[in-house]
Structures are given as structure tokens and as C-alpha cells.
Amino acid sequence: MAYKRQIDRLPIIPANARKQNVVCHYCIVGCGYHAYSWPANKQGGTAPDQNAFGVDLSEQQYAETDAWYSPSMYNIVKQDGKDVHIVIKPDHECVVNSGLGSVRGARMAEMSYSQARSTQQQRLTDPLVWRYGQMQPTSWEDALDLVARVTARVVADKGEDALFVSAFDHGGAGGGYENTWGTGKLYFGAMKVKNIRIHNRPAYNSEVHATRDMGVGELNNCYEDAELADTIMVVGANPLETQTNYFLNHWVPNLRGSSLGKKDEQFSGEPHDRGRIVIVDPRRTVTVAACEAEAGAENVLHLQIKSGTDLALFNALFTEISEQGWVDQEFIDASTSDQEGEGDGSDPARPGVLTSFAAAREGNRVAIEEAAEITGVSADDIRKAAAWIAEPKEGGARRRTMFAYEKGLIWGNDNYRTNGALVNIALATGNVGRPGGGVVRLGGHQEGYARPADGHVGRPSAYVDRLLIEGQGGVHHIWGCDHYKTTLNAAEFKRVYKQRTDKVKDAMNAVPYGDRDAMVEAIVAAIDDGGLFAVDVDIVPTKIGEACHVMLPAATSGEMNLTSMNGERRMRITERYMDPPGQAMPDCLIAARIANHMQQVFTDLGKADIAANFDGFEWETEEDAFMDGYHATAHGGEHVTYERLRAMGTNGFQEPATGFEDGKIVGTQRLYTDGKFGTEDGKARFMVTAWRGLQAPGKTEQQAAYPFLINNGRANQVWQSAYLDVENDFVMDRWPFPFIEMHPDDMAKIGVKEGDLVEVYNDAGATQAMVYPTPSARPGETFMLFAYPTGVQGNVVNAGTNELHIPNYKQTWGNIRKIADAPASVAHLSFKSKEYSAA
Ligand SMILES: Nc1nc2c(c(=O)[nH]1)N[C@H]1C(S)=C(S)[C@@H](COP(=O)(O)OP(=O)(O)OC[C@H]3O[C@@H](n4cnc5c(=O)[nH]c(N)nc54)[C@H](O)[C@@H]3O)O[C@H]1N2
Ligand SMILES: Nc1nc2c(c(=O)[nH]1)N[C@H]1C(S)=C(S)[C@@H](COP(=O)(O)OP(=O)(O)OC[C@H]3O[C@@H](n4cnc5c(=O)[nH]c(N)nc54)[C@H](O)[C@@H]3O)O[C@H]1N2
Ligand code: SF4
Ligand SMILES: [Mo]
């Protein structure tokens with residue numbers, strides 16, 4: 001590693017520094033932090049009464065002391081226009097992370113906008129409009145007038161279906177309850193926009209329709225369950241790298257056996273061992289290696305399936321567990337429906353049959369040998385997994401098993417049925433609503449969903465990317481997502497998107513910017529000719545933004561007050577600890593100002609009835625949006641205010657709120673503890689989930705045509721599409737190009753060395769990556785970093801989705817050829833194994 005921060009001294013946080021609540025705005029885990037800030041011309045001292053830690057800093061501190069922070073946790077930012085020192089450090093008292101940071105979260109401070117220290121100078125400071133052939137700064141008034149006039153005109157002429165929207169639907173940065181409500185009220189309240197998609201997929205749907213249809217909401221347990229489980233079964237996730245502190249602070253203690261005391265305390269009378277783990281992933285991840293190091297290889301079962309075959313494995317496990325009589329019959333009788341379902345699972349809105357246990361058992365019967373053939377996992381290992389999941393413990397006690405899954409399942413083959421098949425196992429073994437159980441998404445971002453009803457989008461909802469490629473839509477509003485790096489069929493998407501938006505740019509170039517009427521006419525004429533007018537709301541210049549006509553600068557977490565919940569529904573507030581750059585403002589207020597302008601334009605057009613739909617956006621602050629949205633509309637929201645959340649600190653409460661007592665919001669630790677589920681009759685449903693091979697169009701052919709699996713996903717250091725990391729040397733020095741992990745034999749076959757640049761190509765497109773030799777990879781199976789600005793994996797993902805338009809990013813095959821020897825920026829990199837081993 002060549003990169004060094006070159007800092008040998010940091011100011012001490014003074015005793016009277018301001019201390020605010022922060023929840024890391026990156027991943028789902030939502031670790032608790034505090035932001036300490038104090039005037040730029042002051043600093044604390046070593047005496048206990050001179051520093052925020054209250055300890056004598058002239059003495060050597062112990063190894064894991066809290067009285068410490070790293071250079072990456074420090075910066076100088078503005079508060080009310082004045083420079084202040086800021087330290088954003090993990091909170092030892094937060095039950096989520098107990099003081100742990102991560103290689104992402106512990107960089108929040110250095111990833112903040114700082115003029116004094118030149119960090120994140122890429123941040124958007126002003127609205128930008130296309131003027132005289134390039135993007136130029138302007139006022140909010142001017143930019144919003146242009147957006148509203150073009151949007152209102154297109155809606156008036158062609159209807160709301162001509163307005164296309166892409167929007168975040170999560171918590172943390174680029175989301176939160178405030179901002180999902182702001183955008184939601186605009187597009188689903190004031191309008192009824194149907195051609196809308198979510199940040200990470202080409203339609204407005206659920207990643208997990210199946211579990212919801214079965215009555216089981218996807219975030220139903222709590223993080224402590226990972227400490228209490230006898231067995232954890234994790235599918236298609238790499239939690240050491242992607243849910244880092246959940247894994248380190250709650251899974252590892254169980255795998256090490258250090259949560260045994262907790263187990264004894266909570267379930268006295270049951271026999272207890274350290275936790276075991278079953279990992280389903282075609283790849284040997286660093287999580288597998290870490291589990292082996294922590295639990296001992298004998299307590300780790302890695303089911304290294306062939307890509308996309310999870311469903312066959314789950315049906316076999318369900319069959320075996322049922323046949324062994326390891327099911328929880330009492331739970332099945334009391335809490336699941338005995339009504340047999342109808343249909344054959346061919347309804348595109350519901351591509352699996354909701355039914356009784358008996359019918360699912362019949363419909364999903366798969367012999368272990370058959371599953372072994374499909375999945376490539378040995379019959380013995382499948383039997384062993386069934387026993388680890390469900391075989392009763394000594395004395396007949398029920399085994400407590402927690403099931404967790406993420407993108408290897410969600411973006412995997414046959415999403416709906418595969419999701420249903422996993423939930424079948426959890427229901428059959430009575431592992432929902434009980435300590436040490438749960439069948440849960442691990443999650444991506446935090447959640448922060450508050451929006452008016454979205455029923456009008458329909459199910460299956462529109463495949464928005466396809467419609468855009470087909471030339472539909474006149475205006476596109478984009479909120480905090482960058483499809484150029486993150487969508488599927490990305491090569492084709494970009495080709496068409498550029499053509500369509502260029503048409504509008506050419507039209508805009510032909511009229512003087514100051515003549516608003518002529519400008520709107522020119523834009524509308526270009527739209528009539530197949531063009532697309534695009535508006536991007538973001539915090540930095542994006543790749544898709546290069547095609548846009550307007551960019552609006554958003555404030556992000558910490559530059560505004562922002563609320564969200566994590567993977568155990570733990571809701572907290574991140575308090576505003578610094579000023580946003582320039583004129584940037586919170587997304588919810590941008591949405592409100594767009595609504596205000598739309599109202600004005602419709603009024604001017606003489607359409608008073610439509611204008612009236614844009615009432616109710618008089619918000620001045622993000623708190624106004626919160627009160628209008630979450631507080632007024634969420635389940636239990638009436639108990640929640642900013643003031644109460646501030647008082648609840650970084651531990652917050654777990655949603656839904658059920659009351660407010662003794663100055664505290666009362667929450668819900670686990671869902672479904674009463675055995676009643678989210679269906680009309682309160683009974684959960686099983687699902688018939690017959691295996692049907694690779695389900696998404698084009699995948700079977702692609703697999704047959706190309707030699708390499710191009711598996712893809714995330715790496716510890718990089719957050720998402722690297723939107724902030726591109727300006728962080730720590731990350732760009734390590735990954736100047738996206739890595740592609742390859743077995744050395746595969747490298748020899750195509751004649752490449754470590755660090756060489758290769759082209760990855762197939763029928764969908766082409767992209768580039770940097771070769772990372774990986775002896776633990778299976779020959780023929782590669783893994784590429786997704787969404788990277790210097791090589792977009794999505795270029796080679798085809799357009800195939802399931803019936804509900806859930807993309808299948810993970811099942812991608814292609815060819816690989818050498819482009820160039822390792823460039824200079826790669827020469828100093830280490831290519832040693834990423835595996836973590838016991839000390
Ligand atoms: N091949 C492949 N493709 C994938 C996936 C995969 O596994 N493989 N995974 C998918 C998944 S799960 C995801 S989540 C997506 C991610 O896809 P995107 O959501 O498109 O990617 P992000 O990098 O998260 O982009 C977020 C954008 O939001 C902006 N932003 C950050 N904070 C704020 C804010 O406060 N306000 C506003 N307005 N903007 C903000 C950032 O600058 C950035 O441009 O990618 C999907 N695509
Ligand atoms: N460091 C870091 N952490 C993150 C993010 C980040 O960008 N960086 N992003 C966040 C977001 S938005 C998300 S959605 C989550 C995603 O979190 P994860 O789902 O844990 O991450 P991925 O790397 O996308 O994919 C997980 C695993 O799926 C496996 N997989 C591929 N195909 C299959 C298959 O057919 N079957 C099975 N069983 N597994 C398969 C891959 O080998 C990979 O190890 O991470 C969150 N956390
Ligand atoms: S684990 Fe996730 S939430 Fe916690 S510090 Fe890391 S990125 Fe932030
Ligand atoms: Mo995600």
C-alpha cells in the first residue's frame with residue numbers, strides 16, 4: 001500500500017466540544033457515531049478536565065481505548081459559515097457497533113466537504129443548467145423555473161405517463177424518511193406517476209415480494225438474534241465486507257462462543273454450543289475464511305453451489321427437513337394457513353403459489369441426489385446442512401436458526417421463487433418471531449421509506465429502462481442514483497440515453513438561454529422528435545449527469561437532519577453537524593420547491609384544478625417534511641418527533657413505535673412474536689416453488705456461449721458506485737480499476753499477469769477490469785467489483801429480469817481478453833490474498 005495520509009498530529013477534542021448524534025450514512029448496519037465540533041482556533045489539552053474523554057492523555061492509553069481517533073475521522077468544515085474542527089468517531093455505547101468503525105464509516109469526516117482541507121471539492125454547490133454548450137451555474141429560481149416549465153408542459157400535453165422518474169427509496173444519504181416522503185408526495189401525491197423506478201432496479205417493485213406475500217416482512221428479527229442462534233444460515237451475502245460491524249459485533253461473538261453466557265441466560269435448560277454457520281455462495285468469500293478462523297472449520301459449512309441454483313438446494317433442504325420430521329408442527333398448525341393455494345405459478349404478478357405446508361411439501365419435493373446434481377454440492381453436505389438447520393438438540397430442544405440473505409439471492413436466479421423457498425424452511429422450522437431466529441434480508445442501505453400509496457404503479461410495474469430505450473417518456477427526473485454505473489443492460493441504456501438527451505442539448509444550443517419561452521418550445525420540439533429532457537438531483541457530478549440538462553445540488557446526511565432505520569428496524573436521527581456546500585439543500589426541500597414551481601406554472605397555464613394538486617409543500621425545513629410524512633403517516637409515527645429522537649441518542653428505538661413512556665419512545669424488538677403474520681387472516685403462507693432452471697431471458701444461452709462466470713458485487717473499502725471514493729486517495733490508490741478475481745489457471749489460459757487490464761465482453765456489451773489472481777476462486781468463475789467508474793460491470797449484464805422486473809445482475813457470463821499490461825497506477829499494488837486468518 002503506497003498511500004499515506006501524512007498526518008502526525010491531530011488537535012485534542014476539548015471538554016466543551018459540541019457533541020451530536022450521527023448514524024453512519026453508508027450501509028444498512030447503521031453504526032452509531034458522534035460528531036464532535038469546536039471552533040477552529042481552539043483545542044483541548046491532556047488534563048482530564050481539558051478533553052472530551054475526561055482522561056489524562058499524557059499517559060499511555062490501553063489498546064482499545066475510546067480516547068482516540070484516527071486522521072480519517074477528522075476534518076475542518078463549516079458551521080453557520082464558520083470553520084470548525086470536526087471529529088466523527090464511533091460510539092462505544094451504541095449497541096449496534098459498540099465503538100467499532102469500518103473502513104468506510106470511519107472515513108465519514110474525511111469524506112465531508114471541506115474548503116480548508118480540500119476534501120470532496122467535487123461536491124455540487126450550485127444548480128447547473130445546460131447553457132451555451134456546457135453546464136453552467138445558476139440560481140435555484142432559474143433552474144427550478146426551467147424544470148417546472150418543461151415538466152408541466154410535457155405533463156399537460158402528453159399526460160403524467162410521459163414523466164419518468166428514478167429515485168432512491170432507502171435511508172442514509174440519498175434518502176431517509178424526509179427525502180423519500182418529499183419525492184413520494186411529489187410523484188405519488190401531487191401526481192400519479194407510473195413510470196418510476198427505484199435506484200437499484202429498473203422498476204418500482206419490491207426486492208422481496210415473495211416473503212411479503214407469505215406474510216413475513218423481511219426485517220423481522222434483531223441483531224442480537226445472531227448472537228443467540230444455534231445456527232446461522234446465510235445465503236448470497238458477504239457480511240464481513242458488506243454488513244461489516246453487524247458481522248464483527250454480533251456474528252463473530254457467537255462463532256467464537258463468547259455469547260454462550262447470553263444464551264444460557266435467555267434459554268436456561270436448553271443445551272448450548274457456540275454457533276455454527278452454513279454459507280451458500282458460489283464463491284469462497286472472505287466471510288467464509290473469517291468464519292473458519294473464528295469458529296473453526298468444523299463449525300462452518302460452505303455450500304459452494306453452482307451460480308443460480310439456490311432454489312434447488314432450498315427445495316431439497318425443505319424436503320429433507322420435512323421427511324426427517326424436524327419441522328415445528330405446533331407452529332405450523334397455529335401460525336400458518338392450511339388452505340391449499342390455487343393456480344400453477346404462471347401468473348406474472350405472483351410467480352409462485354401461496355399455499356399450505358402440506359401442499360408445499362408435495363409441490364417442492366426434490367430428492368437430495370437430484371439437488372446435488374443441479375447444485376454441484378455433495379449429497380452429504382446437503383444432509384449435513386439440513387441437520388445443522390433443523391435437527392433437534394440434545395433432549396429434543398428445537399434448534400434456533402437464523403436465516404439471512406442479500407444480493408446473491410435477490411439479484412440471483414428466479415428471485416420470487418428462491419426467496420419463497422428460503423422462507424418455507426424458516427416457517428417449517430418455526431424460526432420466525434422467536435429469539436435466535438428470523439428470516440431476514442441483511443440489507444443494503446438503511447431504510448427510510450415513507451410515501452403515499454403506490455398502488456397505481458401496478459404489479460408487475462413498468463420496466464422503466466426498457467421504455468426509455470424504446471423511446472418513451474419526455475422528461476426524466478433522477479434522484480440520487482447513477483444508472484450509467486449501476487443499471488443492467490447498461491451499454492445499451494447509455495447508447496440510447498445519450499442520443500435522446502443530445503437531441504435536446506442540440507435544440508437548447510440553438511436558442512438564447514435568456515429567452516425562456518423560446519427555450520421551452522425548442523426543448524418540447526426536440527422531445528416530440530424522440531428527445532429526452534433530463535434533470536439530475538445529486539451531491540456530486542455523476543456519469544448520467546453528463547447527459548443531463550439540469551443538475552440540482554442536494555445536501556446530504558449531516559448537512560441536514562436525517563432519520564432512518566437499520567436492519568433491525570432501529571430508528572435514529574443524524575443531526576445536522578455542518579453546512580451543506582454552497583446553495584445545496586435537502587432533497588425534500590428540492591422536491592417541495594419543484595412542487596411550488598409546478599403549481600405556479602399550472603396556474604399560469606390556466607389549469608387551476610391541476611395546480612391544486614400541488615398544495616401542501618410549504619415546508620421550510622426537513623423537520624416540516626418529517627412531521628408531514630413519517631410523523632403523520634407511518635405506523636407508530638405519531639410517537640416520534642425530532643426532539644424525542646435526539647433524546648434517544650444513537651440507540652434510538654426499534655420500529656414500529658408503540659408508545660411514549662417515561663420520556664422514551666417504546667419500540668418493538670422482534671416482529672411476529674405473537675405468531676400472527678402480515679396476511680389478511682394473520683396466518684403465514686408457504687409457497688410452491690418449483691425449480692425451472694435459469695429463469696431470466698437470455699441467461700441459459702449466455703451461460704452456454706461463454707467460458708467465464710462474471711459474478712459481481714462489492715468490496716470492503718468501496719462504498720457503492722464510489723461516488724465519494726473517486727475523490728479519496730485511500731480508495732483510488734488501492735483500486736484504480738475494478739478488480740476481477742481470477743483463478744491462476746484461467747489467467748494462464750488467456751495469458752495475463754496480476755494487474756493486467758482485461759476486456760470483459762459478451763452479447764450485452766463490454767467493459768474493463770484489472771486482474772486479481774485468486775487461487776481460492778473456482779476455475780471458470782470470476783468475481784468483478786460492481787458499479788465502478790473506471791469499468792462498469794453492468795455493461796455486460798443483459799436485460800433479463802424475472803416476471804416482476806427484478807434484475808438478475810449476478811448470473812452473467814462472458815469472455816475475457818487482455819487489453820494491456822498493468823499500467824503505472826497499478827504497478828505498486830499488492831495482490832496478496834484478501835483472506836483473513838486467525839492471529
Ligand atoms: N452489476 C450489478 N449492478 C448492481 C448491483 C450488483 O450487485 N451488480 N447492485 C444494485 C444495488 S443493490 C444497488 S443499491 C445499486 C446502486 O445504484 P445507485 O443507487 O445508482 O448507486 P449509488 O452509488 O448508491 O448512487 C447513489 C447516487 O446518489 C448520490 N447521493 C448520495 N447522497 C445523496 C443525497 O443525500 N442526495 C442525493 N440527491 N444524492 C445523493 C451519489 O452521489 C450517487 O451519485 O446498484 C445496483 N446495481
Ligand atoms: N463495503 C460495502 N458494503 C456495502 C455496499 C458497498 O458498496 N460496499 N453496498 C451496500 C448495498 S446497497 C447492498 S445491496 C449490500 C449487498 O450486500 P451483499 O449481498 O452481501 O453483497 P454482494 O457483493 O453484492 O453479493 C453477495 C454475494 O452474492 C454471491 N452470489 C453471486 N451469485 C450467487 C448465487 O447464484 N447464489 C448465491 N447464494 N450467492 C451468489 C456473490 O458471490 C457475493 O459474495 O451491501 C451493502 N454494503
Ligand atoms: S458497517 Fe456500515 S454503517 Fe457501520 S460504519 Fe461501516 S459502513 Fe457505516
Ligand atoms: Mo443495494
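**Notes on the model**

1. Strand E27 (residues 757-761) and strand E30 run antiparallel and are joined by five bridges, where strands are DSSP runs of E with at least two residues and helices are runs of H or I with at least four, numbered from the N terminus, and where two strands pair if DSSP finds at least two bridges between them. Within this pairing, Val760 has Ile816 of E30 as its bridge partner. E30 (residues 813-820) is also joined to strand E25 (residues 708-713) by two bridges, again in antiparallel fashion, and there Leu709 stands opposite Trp813.

2. This is a predicted model, in which local features need pLDDT of at least 70 and side-chain atom pairs count only at pLDDT 80 or more, while totals for chains, interfaces and linings use all residues. Residues are numbered from 1 along each chain as its sequence is written, chains are lettered from A and ligands numbered from 1 in the order in which they are written, and side-chain values use heavy atoms, with hydrogens and water left out.

3. The chain has 27 helices and 30 strands. Its radius of gyration is 27 Å, close to the 28 Å that the globule rule gives for 839 residues, so the chain is as compact as a globular protein of that length; the radius is taken over C-alpha atoms, and the rule is 2.2 Å times the number of residues to the power 0.38. Buried residues make up 65% of the 839 residues, buried meaning under 20% relative accessible area, with a 1.4 Å probe and protein chains only.

4. Helix H22 (residues 622-633) has twelve residues and should span 16 Å at 1.5 Å a residue, which agrees with its end C-alpha atoms being 16 Å apart; the expected span is 1.5 Å times one less than the number of residues. In H22, Glu622, Ala625, Phe626, Gly629 and Tyr630 are buried. They cover an arc of only 100 degrees around the axis, which puts them on the same side of H22, the arc being that of the directions from the helix axis to the C-beta atoms.

5. Two backbone features deserve a check. The peptide bond from Arg459 to Pro460 is cis, with omega near -5 degrees, and Pro460 is found in the loop between strand E14 (439-441) and helix H16 (464-469). Ala787, which is not a glycine, has a positive phi near 60 degrees; Ala787 lies in the loop between strand E29 (781-785) and E30 and counts as buried at 1% relative accessibility.

Technical notes. Buried means under 20% relative accessible area, exposed over 50%, partly exposed in between (1.4 Å probe, protein chains only).
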